[in-house]
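Visitor: Please show me how to read a model like this one. Where do we begin?

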Amino acid sequence: MRSSPGPQGWWRPGRALQVIPLALIVAITVVDILAPPEIHLGPLLIVAPALAASFGGVLATTVAALLAVGAQVLIGLLRDGLTTANHLAQVAALIGVSAFIVLLRVLRARHERELHQVRSVSEAAQRVLLRPLPDRIGPLRLASVYLAAEAEAQIGGDLYAVARTPTGTRLLVGDVRGKGLASLGDAALLLGAFRAAAHLHSTLPELATYLDGSLRWDLAQPAGGEGPGESFITAVILDIPDDGAEVRMVDCGHPPPLLLHRGTVTTLAAPWPAPPLGLGDLAPDGYRVEVFPFGPGDRLLMYTDGVIEARDAGRNFYPLDERIGRWTGEHPAALLAQLRRDLLAHAGGHLGDDAALVAVERLGTDGAGPGR
C-alpha cells in the first residue's frame, strides 16, 4: 500500500521562500492603502523582487517585479490618484530598479550555466585522467580519495594510478608543482607515461628513469610551456610483488607512505630520496630502491602534501601520523572515509591545496583481510 504524501510531500522550503515576496507585496500594499496620507510605504515594494532574485530564478524575479509595479499602481489609484507627481515618481523608480534587478538575475543565470559546464568538463577530465582504482587487484584491496582545493574543479595537480605486471602490482602517487587546472597537462603526461610503461620495465629504477625522461623531454619542447627545472612532479612509485611479503619503493621527493601493521604506524622514509621527476639530472647516482615489509593484513597509506599541510583555524598542520592511528583496523575504503571527514573537519571544510589519498591492503592467502 502506498502511503499518502505528508506535509513534506507538497510543502518544500523552496516553495515557502517563493511565497515570501508575494506576502510582502500584499502586506505593504494593504498597510500603505490604510495608512494616513503622510505615510508612504510603496517604496518598500522593491524588496520583493530583490528577495526573489536571491533564491529564485529569472521567471520568479520577473513575476515579483511585475506584481510589485502593479501594487504600486494600485496604491496610487486608491490613494491620491496616479497622476500625482509623487506616485508617478515612485512607479518610475520602481520600474527602473526592478528592471535592473531582473537584468542582474539574467546575468547570474548565465554565469550559473557556464559554471555548470565548467564542472561538467572538470568531472569528465577527472574520469579520463584519474581513473577510479579497482576495489581489488591481484592480492590487494585498494581505495582512493581526491579532494580538489579549487571549488570549481574536480581535479588539480595531484595524481595516482595503478598497473598490473606479470609479477605484481605497481602504484604511482604524485604531486605536480603548483596547483589547480594549470597543472593538468603535466599530470596527464605522467599518468599516460606510467600506464604505458609500468609493465614494460622490469625494475623500478628503469621505470623512474623513463618517467623522468618523458617529463623532461616534453618540457624541453618549444611549445612545452615551462622550461627544464621550472616544472617537476614529486612522486612515490611502489612495486608490490604478488609472492612474498614486501613492498619496493622509489621516492622522488614525495612525502613517505605510512605502514599500518597490527595497530602501529610506521613511516616508510627513504634514507636517500631522489629528486622529483623532471629533475633527474640532479641524481647522478640514479634511483635507489628501498624495500620494506608488507605482509597479509598490512595496509599502506600514500598521500600528497595537501593532506599534511592542511591547517586549522589556529594555523596548525594536520597531524596525519597521530590521527591515522585511530583507524588502523579499518579496511581501505572505510579508512579513507574516516580520514576524509577528519581532514575536512580540521581544515574547516576547505583545503588550501589539492589532496589525494590512496590506501592499499595486502589480503591473506584466502583473499580476506585479518579477522574477515
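Visitor: What does the chain average in pLDDT?

Guide: pLDDT is the predictor's confidence in each residue, from 0 to 100. The chain averages 83, and 84% of the residues score at least 70. Over residues 1-13 the pLDDT is below 50. Where pLDDT is low, the predicted coordinates should not be read in detail.

Visitor: Where does UniProt place the transmembrane region?

Guide: The unreviewed entry places it at residues 16-35, 47-75 and 87-107. Such annotations may be inferred rather than shown by experiment; feature names are shortened, and positions use the numbering here. Helices are DSSP runs (H or I, at least four residues), and strands are E runs of at least two, numbered from the N terminus. Residues 87-107 are 100% helix and 0% strand, with end C-alpha atoms 30 Å apart. Residues 47-75 are 93% helix and 0% strand, with ends 16 Å apart.

Visitor: Which residues of helix 4 are buried?

Guide: Buried means under 20% relative accessible area, exposed over 50%, partly exposed in between (1.4 Å probe, protein chains only). The buried residues of helix 4 are Thr 61, Ala 64, Ala 65, Ala 68, Val 69, Ala 71, Gln 72, Ile 75 and Gly 76. They cover an arc of only 155° around the axis, so they sit on the same side of helix 4. The arc is that of the directions from the helix axis to the C-beta atoms. On the other side, Leu 59, Leu 66, Leu 77 and Leu 78 are exposed.

Key:
Residues are numbered from 1 along each chain as its sequence is written. This is a predicted model: local features need pLDDT of at least 70, side-chain atom pairs count only at pLDDT 80 or more; totals for chains, interfaces and linings use all residues. Side-chain values use heavy atoms; hydrogens and water are left out. Contact means heavy atoms within 4.5 Å.
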